[in-house]
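Me: I would like a close look at a single part of this model. Please treat that part in one connected account, with the cut-offs stated.

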Amino acid sequence: MHADHVMGLPGLLASMNLLGRKTPIEIFGPEELESFVRTIWHKTGTHIDFPVIFNVVDSSKPSLLLEMKSYKIEAFPTKHRIPTCGFKIEELKGNWNLKPETKALFNLSYHEINQLKKGESINRRGGVVVDPNKCCIAPVKSRSYVFAADTAFTPKVIDGALNATLLYHEATFMEAEKSIATKTMHSTASDAGRVAREANVERLMIGHFSNRYKVLDGLLEEARTVFENTLLANEGETISIGNYD
Ligand SMILES: [Zn+2]
C-alpha cells in the first residue's frame with residue numbers, strides 16, 4: 001500500500017475508462033487496495049463503466065493467483081515494512097509438434113498422437129519405440145518474468161525467482177548507503193545481484209532507484225560485479241523476455 005506503488009492505479013483505470021474499455025479487469029493486491037481506489041474515484045467524481053474485480057492476495061505465503069491455458073501467475077512474499085509480495089508470470093510448457101512425416105511413418109493412433117504431443121515415448125508391442133525426441137519438435141523453453149519491488153534481501157525472493165528468464169528486482173540504494181537500505185528495508189544493487197545469482201536467473205533488471213542518484217551507472221556497475229547479465233530499468237523502454245536481439 002505504499003504511495004509510490006498504488007497512487008497511479010485509480011488514474012490508470014480512469015484512463016482505460018476514457019479510452020472506452022468495456023472488458024472486466026482483475027486487480028490483485030492487499031485488502032486495503034479496493035477501498036483506497038474506490039474512495040479516490042468517489043471523491044473525484046470518477047465513473048468507471050467496466051467491471052473492476054479486486055482479489056485479495058495473502059502476502060504471507062506463496063500462492064497461485066491465476067492459471068490460464070498458456071501461462072500462470074503466482075505471488076510470493078517479499079520483505080518490507082508493510083505486507084508486500086512479488087509476482088511471477090510463467091509460460092506453461094507448450095505441446096511437442098509432430099514432424100510432418102511422423103504421422104504416416106508410424107501410422108499413429110489418436111491416443112498415440114496425444115502422447116507424443118505431451119513428450120511421452122510410445123512403446124509398442126514387439127519392442128518398437130516411437131521417441132518424441134526423434135519425430136517431434138520440442139516445445140520452446142518456457143519463459144518467466146518475476147517482479148520484486150519494495151523488498152530487503154530475502155531468500156523468499158530467491159525461491160520466488162528460481163530459474164526465471166527475467167527478474168526485475170529493486171535496487172533502491174548502493175552499498176555505500178547500506179545502513180539506510182537496512183533501516184528502510186530496501187535492497188542495494190549488490191543485494192539484487194546476489195538474488196539474481198542465487199536464483200540462477202538468466203537476466204536481471206534493476207529499478208526503484210532512490211532519487212539521490214542522478215546518474216545510475218554506479219548502481220548498474222555494482223549489480224554487475226555480482227551478476228554480470230544486468231540492465232537498468234529505463235522508463236518507457238520495452239524489454240523482450242528471452243529474446244535479446
Ligand atoms: Zn516503493
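Which residue just after H5 takes a positive phi?

Reply: The residue is Gly119, which lies just after H5 and has a positive phi of about 90°. This is a predicted model, in which local features need pLDDT of at least 70 and side-chain atom pairs count only at pLDDT 80 or more, while totals for chains, interfaces and linings use all residues. Residues are numbered from 1 along each chain as its sequence is written, and side-chain values use heavy atoms, with hydrogens and water left out.

Helix H5 covers residues 110-117; helices (H or I, at least four residues) and strands (E, at least two) are DSSP runs, numbered from the N terminus. Its buried residues are Glu112, Ile113, Gln115 and Leu116, where buried means under 20% relative accessible area, exposed over 50%, and partly exposed in between (1.4 Å probe, protein chains only). Viewed down the axis of H5, these buried residues fall within an arc of 160°, so they line one face of the helix; the arc is that of the directions from the helix axis to the C-beta atoms. An α-helix has 3.6 residues a turn, so residues three or four places apart point the same way. On the other side of H5, Tyr110 and His111 are exposed.

The buried residues of H5 pack against several elements: helix H4 (102-106) and helix H6 (132-135), together with strands S6 (97-98), S7 (122-123), S8 (129-130) and S9 (136-137). Contact here means heavy atoms within 4.5 Å.
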